[in-house]
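Let's take a walk through this model together.

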Amino acid sequence: MYFFKRAFNLENIFWGANQETKTFVKKEFNEFLSGGESQIRDLCLREDGMPRHILSSTHFNKKFLDYIYTLTKSLKLFHRGNPKYVSNLCSDYSVLNYFQQSSSRTFLSFSMAQSLLGVRKEEVRSIETSSFTKGESDIDSLRTISSYFDAIVCRHPSSYYHLFAGWVMSCSEREIPIINAGCGIKEHPTQALLDYFTIKESFSGRVNGLTVGFVGDCLRGRTVHSLAKLLSLFDNITLVFISPSELSIDNDTLTYIRENSPSTKIVIKRDGIEPNVSNLDVVYMTRIQDEWGKKGVYPEEFCFKKRLLDKFSPDGILMHPMPKREEMDPALDFIKGDKRLVYWRQQRNGMWVRAALFAYLFNRGNQLENLN
Ligand code: NCD
């Protein structure tokens, strides 16, 4: 049998089964990319500067972030008061959850967010059940999906897939929003939105002036990259990247922040959590992303031990995008009533923020305004 195997590496987009298609599509996409960041922004942003696709946290501005924050709050309140109304809000819309890389909470929270709003949804979670095995190119798969649905939520191992999908939409006559649910190692913008919501809510609406420590795999953690860039929109932010040298924050993120937000203070630390924890408002833990290749044994100093809570500010918060592993002391989960341990609430916030995002993308936000 003629069977198309996809080796899951970073740049792996399936351009087409025959050489001519491959070369042609790849050349067109490269031409688009060579237009640089301004071309990508034009693709992603509406005329009013608000995003039409959710591809990268670099396309967010404060107006959009404020809007999503307020909308999420309204949605939660309104759902409490009148869940039936909320469950019809987007019932005339449909979404495909197109996950070509493993996921639990991102997939489930997207799916539940859609259920909350009455969105009709389908899922593809494995390329083995799709026409890829018949040699269909990614461009044709995306255009096929856009024939039936009103938005695509995609997760993919390639760090370029979300841009590719956005570009494919802009070439078609039925352009629907693309939502990047984690593509490759660079970006996870909806995680950044829910992290931002969790931070802002925990600090009573304040983000300016915070010192945020990212711990663990700062090199390949897409949640780290997206959130760090988002936070650099705010005033007097200090970002402390705490990791062993081989997992140090990547240059793309550093360059982006230095160029776009000179007032953001960047600190790089290799000495573990303990010497730094008392200076942090937020500790953002991450696991080793070893699906991208092993990077040695994870050192103890970068694990959050229960005893570190004694040194941590009483007003600080401990976050984690999950899944968590050896970097989090299991004893933390058996502490009750410590309001600094927000990572389970953070996870639940993902559902509400993603629901607010669909209300925004499907232009139903105005039906939830002025409700709080
Ligand atoms: C993260 C991811 O997939 O990037 N998880 C998530 O979406 N909440 C983080 C991780 O896998 O470690």
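Where they touch, 24 residues of domain 1 and 21 residues of domain 2 take part, and contact here is when the C-beta atoms of two residues, placed from the backbone, lie within 7 Å. On the domain 1 side, helix H3 (62-81), strand E4 (178-183) and helix H11 (343-361) each give two or more residues. H3 has the largest share of that side, with 5 residues. By class, the domain 1 side splits into 11 nonpolar, 8 polar and 5 charged residues. For the classes, Ala, Val, Leu, Ile, Met, Phe, Trp, Tyr, Cys and Pro count as nonpolar, Asp, Glu, Lys and Arg as charged, and the others, Gly among them, as polar.

A bit of housekeeping before we go on. Residues are numbered from 1 along each chain as its sequence is written. This is a predicted model, so local features need pLDDT of at least 70 and side-chain atom pairs count only at pLDDT 80 or more, while totals for chains, interfaces and linings use all residues.

Now zoom out to the whole chain. You can find 11 helices and 9 strands in the chain, where helices (H or I, at least four residues) and strands (E, at least two) are DSSP runs numbered from the N terminus. Along its principal axes, the C-alpha trace spans about 60 × 50 × 40 Å. The radius of gyration of the chain is 21 Å, which agrees with the value near 21 Å that a compact globule of 372 residues would have; the radius is taken over C-alpha atoms, and the globule rule is 2.2 Å times the number of residues to the power 0.38. Of the 372 residues, 44% count as buried. Buried means that 20 or more other C-beta atoms lie within 10 Å of a residue's own, exposed means 12 or fewer, and partly exposed is in between, with C-beta atoms placed from the backbone. Among contacts with a separation of 6 or more, 80% are between residues 24 or more positions apart.

Look for Val 153, which stands opposite Ile 179 in E4. Strand E1 (residues 94-99) is also largely enclosed by the rest of the structure, because 5 of its 6 residues are buried. E1 pairs with strand E2 (residues 120-124) in the parallel sense over 5 bridges, with Ser 94 opposite Arg 120 in E2.

So which residues surround the ligand? They are Arg 105, Thr 106, Gly 182, His 188, Gln 191, Arg 222, Thr 223, Thr 286, Arg 287, Pro 321, Met 322 and Pro 323, picked because the C-beta atom of each, placed from the backbone, lies within 6 Å of the molecule. The shell draws at least three residues from each of domain 1 and domain 2. Helix H5 (105-117) and helix H9 (222-231) each supply at least two shell residues. The class tally for the shell is 3 nonpolar, 6 polar and 3 charged residues.

Two of those shell residues deserve a second look. Met 322 lies in the loop between E9 and H11, and its phi is near 70 degrees, a positive value in a residue other than glycine. Is Met 322 buried or exposed? It counts as buried because 20 other C-beta atoms lie within 10 Å. The peptide bond from Met 322 to Pro 323 is cis, with omega near 0 degrees.

Finally, follow H9 along to Leu 227. Leu 227 counts as buried because it has 28 C-beta neighbours inside 10 Å. Leaving aside neighbours within four places in sequence, Leu 227 is in contact with Ala 192, Asp 195 and Tyr 284.

Terms used
Domains from an automatic or database assignment. Pairing = 2+ DSSP bridges.
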